[in-house]
Amino acid sequence: MPDQTGSTPVTERRIVRERGARKQAEQLLEQKSRELYLTNRELQEMALNLENLVDERTDELKVARDEAMAASHAKSAFLANISHEIRTPMSSIIGMAELVLHSPMAIEQRQHVQLILDSARSLLTIINDILDISKLESGKFQLEVEEFDLFELLDNVVEILGIQASDKRLEIGAIPANGLPARVIGDPVRLRQILLNLLGNAVKFTSHGEVRLRVEVDDYSGDRVRLFFEVEDTGPGISPEHQDSLFDKFSQVEGGHTRRHHGTGLGLAISKNLVECMEGEINFQSQPSQGSCFWFKVMLKIPEVTLSADHSPARGKSVALLTTNPFLSESVPALLSSLGAEVSLLADLESLHAVRERERAFDLLLVDHLTLCEIDPDLNLRQAIEQHGSINTVLLNWINSTVCDKLGSWATRINRPLTRRKLMDILTPVVSPGSHAYVSKGGEGETRVRRILLAEDVPALQLVMKAILERQGYTVDIANDGNEAIEAVRSQDYGMILMDIQMPEVDGISAAREIRMLPDPSKASIPIIALTANAMKGDQDTYLVAGMNDYLSKPVDNRKLDEALMRWFVDTPSK
């Protein structure tokens, strides 16, 4: 029954339960709040600890970064210094050996000097490989970008390896496909380096047969072209156990104490890195005793205006090629076609009779002397040519070949390897730059001298450079340091200054800046070419900022020196 307040036992029990439940809930809430508070404090402490840890690690990373940058700078400085220290005496050795080779001497002495020169150049190649791989690994390497003649580069690499190949009686040559751009934009020095590495290996390991360099367009994309290069040889091939590591640093097919061929094992590793820098790829196929085929693709740019075979002075010329040599049958027509010439292949005596009947149809007859001796021992072709005398005939022979001696002097001879330039020269009048590029005449009653100031502190290099320049007709004054160079320019007129970078008292960069500030405009504007034994990227920019016009690396390449003289030399009035 309800009590006086109207409550029932059931209601009271319910109220008691609710109060109990509320109290438990409050206790639970208080407990959870306390736990949350404690957890929050722990999180705050963890966050603070983490922040402190991050700051500490950041400081450690900054220190590590600074140490790494310092180490990188130290490595770069070391490489630059060691490059200078090695290249300077190497320049003297190579330069002096080249000078001695131009002097009269006995055959045995000439052989000894040639051996010195070859050994020095081999050592320089090893040094360059080591410096290149160091620059690539340290991220200091950058490609140059300039416009260059693709066909001229192909000729150059073939000619460089031509003597070595000819000594082994190896056929070597470039086989350009139709449609190659005559000029491209990229790094010609590094592209040449890749090709020399691949072709050099092919010639080194191939004892007989041929080495072919095929080049074609892989793809066009706007103003860019991807070129495909393939180097195929008839050498011994590469065993399967050596193939996986072929592009690794210091990897060599031959190992141990029985090696017949020398080298650093860096050439292919450097080539792979260079190809990748040019947005390309490189690989190979090879089987033992079946030769090897290395190929790579690189991306280059195409200049806005480029010449094609339509502009070649050899376009429309008709050429006959007599040979049974498969290599010549492929390479020579490809080279001639790139010049716009029309080619007919002749391979037998019937073809010879056809030539005799159609001689006036050909502007040029190319004859492989080995084929001629094989299929025409009685020299019927020679008799036919001598009777009519109207076909310009050229024999394709080996250097120092004795086979040609019996053929007499009835035809012009050119030596293998054949290049596009050699074929151009025999198809068109040869225009030689000669010395007129360096000489100009003054006004009436005025004479001109070709005077160069050489600022160089190493006596051996002074002797070498002075002899090279004087042999070309220049008058050369010597300055032993930057101070002497500045004073010489103040007192004398020069057409060019060749400025060494590292010299006592005042270095080449400081001297160049001082010369550029001279009050006489004619003296302040003299072309200055840096001579540097430093091989690190970035040096060139420093020289240009200092006011120099160009730079040449030591050891100075005679061809590059000639090009610099043609580009920059200014004739000066004599006093």
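This is a short talk about a few side chains in one protein model.

Okay, so keep in mind that this model is predicted.

Let's start with the aromatics. The count comes to 5 aromatic pairs. One of them is Phe 229 with Phe 296, which is stacked, with 4.8 Å centre to centre and 10 degrees between the planes. That pair links distant parts of the chain: Phe 229 is in strand 5, Phe 296 is in strand 7, and they are 67 residues apart. Both Phe 229 and Phe 296 are buried.

Then there's Tyr 543 with Tyr 551. The ring centres are 6.0 Å apart and the planes sit at 50 degrees, so this pair is tilted. Tyr 543 counts as buried, at 3% relative accessibility, while Tyr 551, at 26%, counts as partly exposed.

Rings also come up with arginines. Arg 420 has its charged end over the ring of Phe 151, 3.9 Å from the centre. Arg 450 lies over the face of Tyr 474, at 4.2 Å from the ring centre.

Arg 420 turns up again with Asp 155 in helix 3: Asp 155 touches Arg 420, along with Thr 419 and Arg 421.

Last one: Val 203, in helix 4. Val 203 counts as buried, at 1% relative accessibility.

Definitions and conventions: Residues are numbered from 1 along each chain as its sequence is written. This is a predicted model: local features need pLDDT of at least 70, side-chain atom pairs count only at pLDDT 80 or more; totals for chains, interfaces and linings use all residues. Side-chain values use heavy atoms; hydrogens and water are left out. Helices (H or I, at least four residues) and strands (E, at least two) are DSSP runs, numbered from the N terminus. Buried means under 20% relative accessible area, exposed over 50%, partly exposed in between (1.4 Å probe, protein chains only). Contact means heavy atoms within 4.5 Å. Rings of Phe, Tyr and Trp (its six-membered ring) pair if their centres lie within 6.5 Å; planes under 30 degrees apart count as stacked, over 60 as edge-to-face and the rest as tilted. A charge sits over a ring if NZ of Lys or CZ of Arg is within 6 Å of the ring centre and within 35 degrees of the ring normal. Lists of a residue's contacts leave out its neighbours within four places in sequence.
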